[in-house]
Amino acid sequence: MNFWTYIARIIIKGRIPILIILAFITYLLATQMKYMRFSHSEANLLPKNHEVNLEYNKFLKIFGEEGNLIILAAQDSTIYTAKKFNNWNKLSKHLDTLPQIDFTVSIGDIKKLYKDTENERFDFTPIYNHPPKTDKEVDSIKTDLFENLPFYDNFLFNKKTGTIRTIIYIKKDIVNTIERKRFILEVLNPTIAKFEKDNNIDVKVSGMPYIRTMNSKSITDEIGIFVVLALLVTSIIFFFFFRSHRATLITMIVVSVGVIWAFGFIGLFGYEITVLTALIPPLIIVIGVPNCIFLINKYQQEIKEHGNQAKSLQRVISKVGNATLMTNVTTASGFATFIFTKSQLLNEFGIIASVNILAIFILSLLIIPIIYSFLHKPQDKHLRHLEKRWIDTIVSWMERTVRHKRIAVYISTVVVIVFSIIGVYMIKVSGSLIEDMPKGKDFFKDIVFFENEFGGIMPLEIIIDTKRKKGVMKLSTLKRMDKLVEIIDEIPELSPTVSVLNIVKYSKQAYYNGNPKYYQLPTSQEQNFILSYTKNSDTNSDLLSNFVDSTGQYARITTFMKDIGTDKMERIEERLQARIDKVLPAKNYNVTLTGKSLVFLKGTNYLIKNLVISLSLAIFLISLFMAWMFRSFKMILISLLPNILPLLVTAGLMGYLGVPIKPSTILVFSIAFGISVDDTIHFLAKYRQELQVNNWKVKISVYNALRETGVSMFYTSIVLFFGFLVFTVSSFGGTIALGGLVSVTLLFAMVSNLLLLPSLLLSLERKIANKNVLKKPPIQILTETEAELKEETQDKN
């Protein structure tokens with residue numbers, strides 16, 4: 001008795017205890033779902049000890065959390081009427097009273113810096129002492145703001161377009177917690193909605209805390225949609241093939257339990273729901289259905305052949321169990337390679353995906369035979385799909401192509417390879433913090449608005465270490481910083497900067513009685529007079545603390561980036577670094593570029609390099625797996641080519657269609673390779689068995705293998721194609737690309753495995769058709785009993 005026959009007997013005899021155990025495990029995992037956490041911060045794609053992360057953490061230690069700004073804006077001429085202008089400022093005052101808010105800054109809070117000659121100090125005075133009662137008063141305030149206060153331009157207003165802003169600083173200790181999500185969804189959004197309704201003004205909202213919250217909500221909303229769609233699509237396709245409500249229902253039970261397990265494992269491991277882990281439950285449905293197809297199809301074939309239900313159930317487990325295990329292991333291997341990357345995001349995705357792929361195999365192997373053992377054996381109407389003529393037509397066409405048109409297959413393959421390679425050279429690398437966000441959502445449209453109005457929304461920080469205490473406020477340092485700012489202002493992808501320079505320039509303007517033409521750095525002669533006023537003032541200390549550390553050694557220059565890719569950012573970095581090296585020499589200054597957006601962009605490049613390694617590792621591991629199964633180097637090469645070719649085709653299509661290489665799209669290759677190689681294993685396993693039965697005659701063996709495995713390969717490939725196509729309904733660009741590209745890759749893989757693979761076997765028959773080349777594997781993928789039955793059948797004929 002072989003291993004799988006023994007397993008089959010255990011499953012059938014112990015079906016009641018097994019069901020109880022499965023129910024208990026499902027219950028335990030369902031209770032773990034409450035521990036699932038949704039991500040409240042950006043995914044950090046870099047290792048914790050990476051230089052870029054260390055620099056960013058150093059910045060946070062000196063200046064604190066940078067991403068705590070939420071920005072409101074209104075571009076509406078009616079905002080400058082007395083009623084709406086006052087209501088806008090009342091909105092800011094109301095938000096300022098909320099416990100989650102540190103403080104707010106709005107037009108109503110603007111104060112002029114003025115020179116107190118009597119006390120030789122600077123002080124602040126409100127731009128107006130009481131709320132304006134008439135539109136004329138508002139116009140006067142607006143004129144004063146736009147013409148006399150350049151310090152606030154591009155901060156609280158855009159004088160070119162008339163757009164005004166309110167800056168909300170939420171408390172730093174809630175920025176990366178669920179409290180931030182509750183505040184934005186339950187407090188801020190309803191408050192803004194009420195203001196919009198009452199004043200008939202469209203308010204734009206953005207800022208990293210807001211973007212992260214709304215993006216996370218979109219991910220959460222889509223999980224349920226994906227699961228329902230995946231169940232619906234796969235069940236419809238399954239029913240179309242099998243025309244059996246019972247078989248379809250059993251399959252849906254299996255994958256539904258698999259979904260519960262998937263959510264349960266995420267909670268059990270304490271992982272966050274990210275844009276990647278959110279894909280796992282529907283992914284389990286898409287991968288689980290093919291398992292059910294192989295098992296149910298085999299069961300029905302056995303019933304049709306001899307009608308003995310007990311024997312059929314035992315053979316389903318003993319014959320298909322091993323092959324299904326092998327294919328699930330290779331699929332899990334494709335995902336498991338992500339574990340070896342140093343990215344926490346991919347680590348978690350790889351662990352959860354590979355664990356659940358093996359779990360869905362166990363569930364399908366146990367639940368399907370056990371449920372069928374309690375039911376009457378299938379009736380003739382349930383078996384009619386096994387005689388579908390249209391499937392026979394497709395398989396016959398494949399056989400004729402392989403038999404008579406192998407040259408055409410090879411020529412087509414070469415042409416496809418050439419065109420794909422040309423497309424590969426057209427691929428661009430891209431990555432940004434918002435590129436894959438849902439472009440149809442209001443918060444994304446608001447991001448675009450802020451980019452157009454204020455130059456960007458994603459912070460980029462430049463940290464200047466003067467290497468000495470109080471070195472920042474030296475005029476020589478300020479002038480060098482000003483030269484650096486000049487080059488930043490010339491870069492269209494970056495917004496005007498905010499730094500200590502703005503405060504110093506504003507101080508000079510105040511010294512000259514608020515004349516805006518003096519909004520500039522002081523000269524060496526002016527510095528002494530202005531500095532004496534500054535030393536006597538308390539008004540500048542709060543402002544300075546945001547841009548200069550307490551020792552006066554470190555200064556920050558803050559700018560905001562537009563949605564640019566890694567290639568543009570690299571050119572901007574080179575341009576900035578050239579100016580930095582020139583005006584802030586390394587012997588006197590240490591200058592660092594950092595910020596959340598830069599960390600993400602650097603992480604994208606790092607991730608792409610790691611995913612290339614991951615794909616290579618997947619190919620290597622699966623090659624070892626094939627070598628272990630078939631004990632033939634030539635068979636490894638033959639089996640890899642039909643699976644690498646679809647990856648090349650997909651890469652070429654990405655080049656032609658302008659789909660860039662980024663974290664979401666490069667995942668396609670490892671996932672698709674791990675899944676597509678399953679068909680190769682099924683085909684080669686059957687091919688080897690046919691060789692043994694037919695005395696190592698290649699042609700007969702290839703055609704028999706094609707006829708017997710072609711139907712199941714076609715069924716599963718169609719399910720996988722439409723299953724992954726479900727992801728294209730997502731509002732996330734990365735998820736859409738992932739679903740579409742994996743679907744296309746698997747479709748090419750099916751054609752490649754059904755046409756190119758058998759063609760190669762036939763063309764190389766002399767080199768591989770002997771027992772020395774194709775040795776007996778250490779594990780029988782298909783059992784010897786099946787081979788013996790085949791021999792008996794042929795002897796009878």
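Reader: Which exposed residues does the face of helix 1 turned away from its buried side carry?

Author: This is a predicted model, in which local features need pLDDT of at least 70, side-chain atom pairs count only at pLDDT 80 or more, and totals for chains, interfaces and linings use all residues. Residues are numbered from 1 along each chain as its sequence is written, and side-chain values use heavy atoms, with hydrogens and water left out. An α-helix has 3.6 residues a turn, so residues three or four places apart point the same way. Here the face turned away from the buried side of helix 1 carries F3 and K13, where exposed means over 50% relative accessible area, buried under 20%, and partly exposed in between (1.4 Å probe, protein chains only). Helices are DSSP runs (H or I, at least four residues), numbered from the N terminus.

Reader: Which residues of helix 1 are buried, and why are they on the same side?

Author: In helix 1, residues 3-13, the buried ones are W4, A8 and I11; they lie on the same side because they cover an arc of only 65° around the axis, the arc being that of the directions from the helix axis to the C-beta atoms. The buried residues of this helix pack against helix 2 (15-32), helix 10 (309-336) and helix 11.

Reader: What is F724 in contact with, leaving aside its neighbours within four places in sequence?

Author: Contact means heavy atoms within 4.5 Å, and by that criterion the partners of F724 are L283, V286, I671, I675, G739, V742, S743 and L746.

How values were computed
Helices (H or I, at least four residues) and strands (E, at least two) are DSSP runs, numbered from the N terminus.
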